[in-house]
Amino acid sequence: MNAQQITIITPRRGWFDLDFWHLWRYRDLLLLFAMRDIKVRYKQTLLGPAWLILQPLALTAALTTVISGIAGISTGGHPAPIFYLTALVLWSYFSQVVSTASQVFIANGHLFSKIYFPRLVVPVSSLLSNTVALAIQLGVALAFLLWYQLTGKVDGLSWRLAFFPLVIIQIAAFSLAVGLCLGASTAKYRDTAHMTPFLIQIWLFVTPIIFPFSAIPEQYRTLIGFLNPLAVIIDEGRWCFFGTSAVGAPQIAAALVTTSVVLFIGVVIFQRVERTAMDML
């Protein structure tokens, strides 16, 4: 008689009983969910993945016309289209990850109630699927960069772009952190789901997207790094493209500290809430 392997699943007891190795064991499921998200997002759409290119281009055109053209807000000496596009590529990634992760329990309640797997797999899979979208949009931004290089308006491709993956890692960590906190809150308080889109809209206007980071008074920049790491991350991305930045080591350190703290809190709260989320839903 063949021996059968029995797996016993026991609930986590403490607040800090985190098993990341358990998440690694389900990496195949994680990739499966990521592929599902990519396929479902543009299934039965007229333009399909072309929306990934049209959305940032349309918003860039609107900002260039209204904010730079009519309102006359400075872009720090950089061409307005590429100035806005580089920020919108990162902002779109942040907003998509946060929106998806904040709805994780509501959108997947039917799945969570039937089968066990680490619930953290779902928000992390959305992180991966949105990274594919980010890569496509980044290709559009690089095409703009090459165009402006040919016209002599910017330096063009540079060794600084080698640091862009670090910017992606940082914004991915912060996006996941915020998404996990909101997702845990939404499982208990449904009105958080209505608050999240409003919060993201407000966040857009308090982040240096339509204005340069240098517009912030110098004495407040480190504080902004603590309160809104996204502001620092956006300017780090622009540095990779343009080579100029008002962000210094204190602001980068502040953003990293806040990102690490919020990510830790988000993971702890999320894994705590997942124990009783199905009862609340």
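**Rings, helices and a pocket**

Let me begin with two phenylalanines: Phe94 is buried, and Phe174 is buried as well. Please keep in mind that what you see is a predicted model.

How do those two rings sit against each other? A ring pair is described by the distance of the centres and the angle of the planes. For Phe94 and Phe174 the centres are 5.9 Å apart and the planes are at 10°, so this pair is stacked. Phe94 belongs to helix H4 (residues 80-102) and Phe174 to helix H8 (residues 164-188), so the pair ties together parts that lie 80 residues apart in sequence.

There is another pair to set beside that one. The rings of Phe164 and Phe241 have centres 5.8 Å apart, with planes at 85°, so here we have an edge-to-face pair. Phe164 lies in helix H8 and Phe241 in helix H11 (residues 229-242), so this pair ties together parts 77 residues apart in sequence. Are these two side chains buried or exposed? Phe164 has a relative accessible area of 4%, and because buried means under 20%, Phe164 counts as buried. Phe241 is at 1%, so Phe241 is buried too.

Across the whole structure, a search finds 10 aromatic pairs. Some of the rings link up into a cluster, made of Trp91, Phe94, Phe174 and Trp203.

Now a step back to the overall fold. How many helices and strands does the protein have? There are 13 helices and 0 strands. Of the 281 residues, 45% count as buried.

One helix I'd like you to find on the screen is H7, residues 121-150. H7 has 30 residues and reaches 44 Å from its first C-alpha to its last, close to the 44 Å expected at 1.5 Å a residue. After H7 comes Gly152, with a positive phi near 80°.

Next, the space between the atoms. Rolling a probe the size of a water molecule over the atoms shows where empty space is left. The second largest pocket here has a volume of about 310 Å³. Of the 17 residues lining that pocket, the closest to its centre are Gln55, Ser92, Ser95, Gln96 and Gln137. Which helices supply at least two residues each to the lining? They are H3 (51-70), H4 and H7. H4 gives the largest share of the lining, with 7 residues. You'll remember H4 as the helix that holds Phe94.

What about salt bridges? The structure holds 1, and the side chains of Arg36 and Asp37 form it, at 3.2 Å from N to O. Arg36 has 33% relative accessibility and counts as partly exposed, while Asp37, at 15%, counts as buried.

I'll finish with Phe226, in helix H10 (residues 221-227). At 40% relative accessibility, Phe226 counts as partly exposed. The C-alpha atoms of Phe226 and Ala255 are separated by 5.5 Å, though these residues are 29 apart along the chain.

Notes: Residues numbered from 1 in each chain as written. Predicted model: local features only at pLDDT ≥ 70, side-chain atom pairs only at ≥ 80, totals over all residues. Heavy atoms only, no water. Helix = DSSP H or I, 4+ residues; strand = E, 2+ residues; numbered from the N terminus. Expected span 1.5 Å × (residues − 1). Phe/Tyr/Trp six-rings, centres within 6.5 Å; stacked < 30°, edge-to-face > 60°. Buried < 20%, exposed > 50% of the residue type's maximum accessible area, 1.4 Å probe, protein only. Salt bridge = Lys/Arg side-chain N within 4 Å of Asp/Glu carboxyl O. 1 Å grid on protein atoms, 1.4 Å probe; cavity = no way out; pocket = protein on both sides within 12 Å on 5 of 7 lines; lining within 4 Å. Points joined across faces, edges and corners; volume = space filled by probe spheres on them.
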